[in-house]
Amino acid sequence: MPDTRIADIRITPIAFYDPPLLNNSGCHQPFALRSIIEVETEGGVVGLGESYGTLSVIDGLKALAPRLVGIDVTDLNALWAQARGGVAEQAVGYKTGTGRLVPRLVSAIEVAMWDAFGKATGRRVCDLLGGQVRETVPFSAYLFYKFAGHHDATPDPWGEVLTPEQLVGEAQRMIDAHGFRAIKLKAGILPPEEEIAGLRALREAFPEAPLRIDPNGGWTVETTLRLLPQLEGLVEYLEDPTVGIEGNARVQAATDIPLATNMYVVADEHLPPNMAQDAFRVILSDHHYWGGLKASRDLAKICEIWGLGLSMHSNSHMGISLAAMTHLAAATPNLTYDCDTHYPWQTDEVIAGGKLAFTDGSLGLPEGPGLGVTLDREALARLHRNYVDCGITERDDESELRKHWPDWSFERPKF
Ligand code: GKR
Ligand code: MG
C-alpha cells in the first residue's frame, strides 16, 4: 500500500453563481462561496474535500493544514487534537466561537482524508464508513421563493417565484428535471398564510409528495401554534418553525407533526437538552458542521438509540460535497427521510465530468474508489478567479435583500 502520511494540504477558495433565493435571513448573493480541500499523501494520492468558503473557515483551514503534515490519513484523533489546539483562534475574521469552528475545520479535512485513504486502498468511502446499505440515496426538491434576477438586473433562468402558482411551476420544473419525490419549501420570508397557501397549491399539484416547510425560526411560538391545524395532515415534518429548543418544545408538545432541525441541535451538547425537553424528533445532520463523516455516523447511532428521525441538511454546494453526502447516506441504515440538497440550483461544477445526475430523485454512488470524484483543474482555477474577482468573503443575505427591498430588516422570529 502506498504511504498514506500527509505530505501537503491545499485550500482553494471558490465562488460560483447562485440565484437570488430568499430565506428568513435575506437573499442569496450572486456568488456562493466554498473551499476545496486537497490532501496529498506521501504516496502521491490526492483526497478531496469541500466546505464553507467564509473567511474564518478559509483562515482556520490554512492555519490547521501545516500542523497535519506527517500524520496518517486514518488518524482522526490527531486531526481533532490539532484542530482543538488553538488554530480556530488564529483565523482572521473568526467570529463564530471556537466550539463552532473546530468541527467545521475537522469536517473539511476529514472528508479529504477518507477520500485519500479510499483512493490509496481501492475502497469506496461508504465501505470505509461501515458498508453500503442502500443502492441509491433519495433527495428532495428544495423550493425557494426568489426574485426574477439579482439586484443588478441580471435575469435568473428560474424567473420570479413569489406566488403559489409560480411555486408550483418551480416544483414542476425541478421534478421534471430530477424526479424528486419529497418537496421542501424554504419559508419565513413571506407572511405565513401566504407560504401555507403555497404549500396547499403544492399539495394539489403533487398529491403524493411528502411536503416539508422550513421557516428557519421565523415564526413565533404563538404564530406556530395558531398555524398547526393547517399544517397537520399536510406536512411530513415541520422544520425549525420557531426559535430555540425551549420554544420548539412548546410547539412539539402541541402537535403530532414531528419537528425537525438543522438550527438548534447542531452539536453534541444540544442533544441532552433536546431529549429532556422533547423539542425536535428529527435531526437534519450535516457532516460539514457535525465534525465530518465519522462523527455523522456516530450521530446516526445516537438518533437510532433515542428514537429520533434522521435526514440531511444542505447549503449551496458543489459535487464533492454531494458525493460525500451520498456516501454517508449510503452507509447510514437509519436515514428516515429524503435528504436536502441545493445542488439543482447550482450550474457550475468543480468535479471532472460535470454535474452528477439524479435518477428518479435519487443518486447512485459515483464510480471509483474514495468519493469517486476527481477535480476539473481548469474549473477549479476559473472558480477561484471568480472568488478573487467577486470580492465577497462572507455570506451576507441580509444586506443583499435590502438591495431589493430597502426597508426590509432581519428579525427572528419575524411573524
Ligand atoms: O440556502 O438559504 C439557504 C438556506 O436557508 C440555508 O442557509 C439553510 O441553512 O438550507 C438550510 C436550512 O435548511 O435551514
Ligand atoms: Mg432548515
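Student: Before we start, what should I know about the model and its numbering?
Tutor: The model is predicted, and local features need pLDDT of at least 70, side-chain atom pairs count only at pLDDT 80 or more, and totals for chains, interfaces and linings use all residues. Residues are numbered from 1 along each chain as its sequence is written, chains are lettered from A and ligands numbered from 1 in the order in which they are written, and side-chain values use heavy atoms, with hydrogens and water left out.

Student: OK, how is the chain divided?
Tutor: Domain 1 covers 6-125 + 376-391 and domain 2 covers 128-364, with bounds that come from an automatic or database domain assignment. Their C-alpha centres lie 23 Å apart, and the contact (heavy atoms within 4.5 Å) takes 41 residues from domain 1 and 46 residues from domain 2.

Student: How much area do they bury between them?
Tutor: Domain 1 and domain 2 bury about 3,700 Å², 64% of it on carbon and sulfur atoms; buried area is the accessible area (1.4 Å probe) that two parts lose on being put together, summed over both.

Student: And how many salt bridges cross that interface?
Tutor: The rule, a side-chain nitrogen of Lys or Arg within 4 Å of a carboxyl oxygen of Asp or Glu, finds 1 salt bridge across the interface of domain 1 and domain 2. Arg-382 and Asp-348 meet through their side chains in a salt bridge at 3.1 Å, N to O.

Student: Which element gives the most to domain 1's side?
Tutor: That is α3, which gives 9 residues to the side of domain 1 that touches domain 2; helices (H or I, at least four residues) and strands (E, at least two) are DSSP runs, numbered from the N terminus.

Student: Switching topic, what coordinates the magnesium ion (ligand 2)?
Tutor: Asp-214 (OD), Glu-239 (OE) and Asn-262 (OD1) coordinate the magnesium ion (ligand 2) at 2.0 to 2.2 Å. Donors are N, O and S atoms within 2.8 Å of the metal (3.2 Å for Na, K and Ca), and water is not among the atoms, so sites may look incomplete.

Student: Where do Glu-239 and Asn-262 lie?
Tutor: Glu-239 lies in strand β10 (residues 237-239) and Asn-262 in the loop between β11 (259-261) and α9 (271-277), so the pair ties together parts that are 23 residues apart in sequence.

Student: Back to salt bridges: what's the count by this rule?
Tutor: The count comes to 27 salt bridges. Among them, the side chains of Arg-10 and Glu-38 meet at 3.3 Å, N to O, and this pair links distant parts of the chain, with Arg-10 in strand β1 and Glu-38 in strand β4, 28 residues apart.
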